[in-house]
2 protein chains.
Amino acid sequence: MHAYVHIVDDDCSFRKALERRLKLAGYRVGTYASARELLDQLPDDEEAGCILLDVRIPGMSGPELQRRLNELESTLPIVFLTGHADTAITVQAIKAGAEDFLTKPIASEQLIEAINRAVARHELVRDQRTRLDSLRALLAKLTPRERQVFDLIVCGRINKQIAHELGTTERTIKAHRHQVMEKMKVQSLAELVSIAERLGTRASGGAVKA
Amino acid sequence: MHAYVHIVDDDCSFRKALERRLKLAGYRVGTYASARELLDQLPDDEEAGCILLDVRIPGMSGPELQRRLNELESTLPIVFLTGHADTAITVQAIKAGAEDFLTKPIASEQLIEAINRAVARHELVRDQRTRLDSLRALLAKLTPRERQVFDLIVCGRINKQIAHELGTTERTIKAHRHQVMEKMKVQSLAELVSIAERLGTRASGGAVKA
DNA sequence: GCCGTTCTTGTCCCATGGTACAATATGAAA
DNA sequence: TTTCATATTGTACCATGGGACAAGAACGGC
């Protein structure tokens, strides 16, 4: 399956030329005349690909679109393409996670290399995201009470303490604990803590008493 | 305590002028005419500060020095200062972790802001580094055998399995396990797994049998 | 050879976790 | 009203973890 390159540029002839070049190179291509246009038909994150984005486009600017996509938790890497390089904008874009920042005119070879790097990275972050999402989905299926127990378990509390902190009995905690292990699909406390750590849902130690 | 700014620039008059400006602003300043000079009297990572680095300097270039410092695991943030901006170099520098990339001439206000951001970040990464280093130090004190047991514990193995995999008895593993908890200064398995996760010393699950 | 570290092992006993087999209560949804 | 999910609790029983108390064997360094 070939990667999908999304071109956002207001210069129609440039878009067309780039589209031809990339299709010849084996990519599938989507073209958008503005940031709005891309947002309206939001590309599928699941499909390996990247965004080729002009900095100065009418309406929403390139960096502004980048910000929006970050908010939307898009994983599609962005390769900026601009006519006039501006250091401050370049720095901002890269810090905000852009994969690359190229200046027009750009040699096909360089462009392809940048796109390939971006696509390769997308496959990594997309897979990573998928894994985290499935863990988050499991966590979301816990009832409120189970979630409380989960939090205390991964903080290292023993059943007795948890029961005391939640104002119930040890027996009840055992029941919840069982449900938690079941729903999170883990066999050991170690796995559970590992998940909590990766999801960042851990208040380290905390006070023993509420 | 004021932050320490390390200026690396081959232009002596520029160095002096910058030094005066920054000292007036309350910083302590170290000046270096070349990358070599800075490497020879390597600044203390412990002290809050940052590096102001020219891109084009005789001998080792700015980005090259940055690479060396990264290899040396320096935590001092780098703010690049250059006369002629080059997009490719800018992108590379930021990707390699530079805090900022500014062009000469630079307004004092902007420079100070960049330095303050860099110093603030340095305090964060330095503290983070310190915490990880103390954990690594604890881990390093484990004997080879204890380390093997540690690895299997945080993978979720129970004593019986560990004993079998290491070809010894459950009783022995209990002894090692006790030592591990003692040396790592933790009270619960959860804390131990959390440390392993943060140090990246975890082969997730793995086969039950060797 | 003596000493310290490491790795090893044992028994007894208790605390904690986990499971099987049940059962009650409450609130929301159908 | 009935039904379902949620939260609760009990009694056993067994598996696992962990401490107390002790001690032997191998190895390297002084």
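Here are some exercises on this predicted model, each with a worked solution.

Residues are numbered from 1 along each chain as its sequence is written, while chains are lettered from A and ligands numbered from 1 in the order in which they are written. Because the model is predicted, local features need pLDDT of at least 70 and side-chain atom pairs count only at pLDDT 80 or more, whereas totals for chains, interfaces and linings use all residues; side-chain values use heavy atoms, with hydrogens and water left out.

**Exercise 1. Domains and symmetry**

Find the domains of chain A, then work out which rotation superposes chain A on chain B.

Solution. Start with the bounds: domain 1 of chain A covers 4–132 and domain 2 covers 141–199, as given by an automatic or database domain assignment. Next, take the centres of the two domains over C-alpha atoms; they are 43 Å apart. Now superpose the copies by least squares on the C-alpha atoms of residues with pLDDT of at least 70 in both. Finally, look at contacts (heavy atoms within 4.5 Å): 100% of the contact residues of chain A recur in chain B, and the same surface serves both copies.

**Exercise 2. The nonpolar cores**

Which residues touch the most other members of the largest nonpolar core?

Solution. First, the term: a nonpolar core is a set of buried Ala, Val, Leu, Ile, Met, Phe, Trp, Tyr and Cys residues joined through side-chain atoms within 4.5 Å. Buried means under 20% relative accessible area, exposed over 50%, and partly exposed in between, using a 1.4 Å probe and protein chains only. The largest core has 48 residues, and those touching the most other members are Phe150, Met184 and Leu192 of chain A and Phe150, Met184 and Leu192 of chain B. Now zoom in on A:Met184: leaving aside neighbours within four places in sequence, its contacts are A:Leu135, A:Leu138, A:Leu139, A:Leu142, A:Phe150, A:Leu192 and A:Ile195. Another core, of 40 residues, lies apart from the largest one and includes B:Val8, B:Tyr32, B:Leu38 and B:Ala98.

**Exercise 3. Around DNA strand D**

Describe which protein parts surround DNA strand D, and list some phosphate contacts.

Solution. Count residues with a heavy atom within 4 Å of the strand: there are 16, the closest being A:Thr143, A:Thr168, B:Lys160, B:Lys174 and B:His178. At least two residues each come from α6 (144–154) and α8 (170–183) of chain A, and from α7 (159–166) and α8 (170–183) of chain B. On the DNA side, 68% of the atoms within 4 Å of the protein belong to sugar or phosphate, the rest to bases. Last, check phosphate oxygens: a polar side-chain atom of B:His178 lies 2.7 Å from one, and a backbone N or O atom of A:Thr169 lies 3.1 Å from one.

**Exercise 4. Backbone geometry**

Where is the cis peptide bond involving A:Pro105?

Solution. The bond joins A:Lys104 and A:Pro105, with omega about -5°. A:Pro105 sits in the loop between β5 (100–103) and α5 (108–140) of chain A. In chain B, B:Lys104 and B:Pro105 are likewise joined by a cis bond, with omega about -10°.

Conventions: Polar contact = N/O pair within 3.5 Å; in protein donor to acceptor, adjacent residues only side chain to side chain. Helix = DSSP H or I, 4+ residues; strand = E, 2+ residues; numbered from the N terminus.
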